[in-house]
Amino acid sequence: QEIVDAPIIIVGSGYGGAVSALRLCEAGKKVLILEMGLNWEKSGIPFSNLLKPGKSAAWLKKKTIAPFMNLFSLQPFTGALDRLDFEHINIWVGRGVGGGSIVNGGMAVTPKESYFKEIFPQLDAEKFYNFYFPLARKELKVNVINEQFLHDCPYYKFTRVGEEEAHKAGFKTIRVPNVYDFNYMEKEFKNEVPRSALNTEVIYGNNHGKNSLDKTYLKKALDTGNLEILDLHCVDSIQMNEDKSYTLQVNQINTSGETIAEKVFHCKKLILSAGTMGTLYLLMKSNAKNGFPLEKNVGENWGNNGNFMTGRNWVRPLSGGTGVQQSTIPVGGVDNWDDKEHPFFAEIAPLPMGMDVATALYLLINRVDKKGKVSYNTATQKLTIDWNENHTEKMRANADYFIKKMNRANGGTRSHFLFKNGFGPNICYHPLGGCVLGEATNPYGKLNNHENLFVLDGSLIPGTIGVNPFVTIVAITEYCIENLIRQNEFA
Ligand code: FAD
């Protein structure tokens, strides 16, 4: 079998992969990214919206996999959104060139400095807040909605109602920055350009407006001429060779998910940026398959970033509810983080169903005081997560407190329409940890017991960061790759 040789291979083109690729390419290194998902831009296939799910809606599934209201059947296709189902938790991830940035809500939040210090006591917080976070925001093209537009636009009634109700209940709210271009959105509203956020596009991809990684980090990296991206290339397992280089077994697939070629790649330097679940799966599967060296602490300190969904029905039922038309891009949140008893953030989330459902949806982000653990089951060849109701007990108490206080002040009921008992403890968009910086790796992401393998993605963050995580994933990767290049790790 032919072996393709590349000096540096990165597995995955999400945040960790895209940042590493850019900085290595700028340093003059040739980089190859292997990405299991589709290159959507190159394919010319448009993304579909929430009301008409099509090819991009789900990764090789026969039915849609949105968090709720899955009434649509599909032709299996290598779609942009995937859901990994575990016993007590379902984890959504992005698939495609750009990883999670293709499907996510673009909320670009910098963590509270005090919490960052608590989670990463070994890092120089001053340097992060003066340099790496601003750098991440600049490269990601983070911007903030214009207050007047928010005030006037009918598509943001859900945010205005959410904020008014929160204030009436005694909560503090914050404006949430985003990578969606709000100037573009204002033009959409005036019908000067094609609509995307105002046309229910988001978790199946945005055709316009969103500055996903293919428009920022990956574009810049490709422009250097040093990056090659192979899409629909799924890394099956990794082997460490005697000379400490790596051999990768890779399946090239078609858009129906069938393997069309089995390939072997070889590289001296390997970066795993397959996302928290993807990286843990590759490491653990390779360990079970060929004795790939792995320390016991890989899989530990995993968490759902405190993700906990909840909602309220009968929100302003007589005055148009939260609005029939809703932008898919959230811009508001409840900040209750400083409450010692009930610390949480609650994203005031859109629910663009094309009809008035008088329902408010919230994604809470809580502390994760009890961490989970990811393991590999050799019999089923799947990951398992030690994670159950005990891990989310405090999160449920916070959601209950929040909903009760909101309903007391504003009316409304717990949302049985969206969730059983009104709570969605098993919905996770932010899996983090399992390959924690400075525990499973050296201070800059080099995996313990390895000389040439680096983990750079969400798995470095120990299960929680208190806000939506991609700005932190970018900042940490910027920090790690800068130091790894400085230490001549890729010489
Ligand atoms: P990812 O971005 O997940 O990238 C990993 C890539 O590796 C993927 O493209 C995957 O296909 C590829 N891959 C995996 N395994 C293999 C393999 N074996 N071979 C080849 N390729 C492989 N975060 C925020 O900060 N703000 C938000 O508003 C927000 N909203 C979200 C909404 C949704 C619906 C979802 C699912 C997530 C959201 N997130 C949000 C979370 C955010 O997208 C993730 O935290 C982030 O994408 C993780 O970055 P990463 O670099 O760890 O990996």
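The model is predicted. The shell around the ligand counts 36 residues, and the protein buries 94% of the 1,000 Å² that the ligand exposes when taken alone. Strand E13 spans residues 344-349 and has six of its six residues buried. Ile 119, in helix H3, is also treated below.

**Ligand shell**

- Glu 35, Gly 100, Met 107, Gly 458 and Phe 470 come nearest to the ligand among the 36 residues around it.
- Sorted by class, the shell holds 16 nonpolar residues, 17 polar residues and three charged residues.
- At least two shell residues come from each of helix H1 (15-26), strand E4 (90-94), strand E7 (233-240), helix H9 (275-290) and helix H11 (470-486).
- Strand E7 gives the most, with three residues in the shell.

**Backbone atoms at ligand oxygens**

- For Phe 470, a backbone N or O atom lies 2.8 Å from an oxygen atom of the ligand.
- For Gly 100, a polar backbone atom is 2.9 Å from an oxygen atom of the ligand.
- For Tyr 15, the distance between a backbone N or O atom and an oxygen atom of the ligand is 3.1 Å.
- Taken alone, the ligand exposes 1,000 Å², and 94% of that is buried by the protein.

- Strand E12 (residues 332-335) pairs with E13 in the antiparallel sense over three bridges.
- Within this part of the structure, Gly 333 stands opposite Glu 347 of E13.
- Strand E14 (residues 360-366) also pairs with E13 in the antiparallel sense, over six bridges.
- Asn 366 in E14 is the bridge partner of Phe 344.

**Ile 119**

- Ile 119 belongs to helix H3, which covers residues 113-119.
- Ile 119 counts as buried because its relative accessibility is 14%, and the cut-off for buried is under 20%.
- Leaving aside residues up to four places away in sequence, Ile 119 touches Pro 462, Thr 464 and Ile 465.
- Thr 310 is 191 residues from Ile 119 along the chain, and the C-alpha atoms of the two are separated by 26 Å.

Key:
Residues are numbered from 1 along each chain as its sequence is written. This is a predicted model: local features need pLDDT of at least 70, side-chain atom pairs count only at pLDDT 80 or more; totals for chains, interfaces and linings use all residues. Side-chain values use heavy atoms; hydrogens and water are left out. A residue is near a molecule or strand if one of its heavy atoms lies within 4 Å of it. A polar contact is a pair of N or O atoms within 3.5 Å; within protein, one must be able to donate a hydrogen and the other to accept it, and residues adjacent in sequence count only if both atoms are side-chain atoms. Accessible areas come from the Shrake-Rupley method with a 1.4 Å probe; for residues, only the protein chains shown count as cover. Helices (H or I, at least four residues) and strands (E, at least two) are DSSP runs, numbered from the N terminus. Ala, Val, Leu, Ile, Met, Phe, Trp, Tyr, Cys and Pro count as nonpolar, Asp, Glu, Lys and Arg as charged, and the others, Gly among them, as polar. Buried means under 20% relative accessible area, exposed over 50%, partly exposed in between (1.4 Å probe, protein chains only). Two strands pair if DSSP finds at least two bridges between them. Contact means heavy atoms within 4.5 Å.
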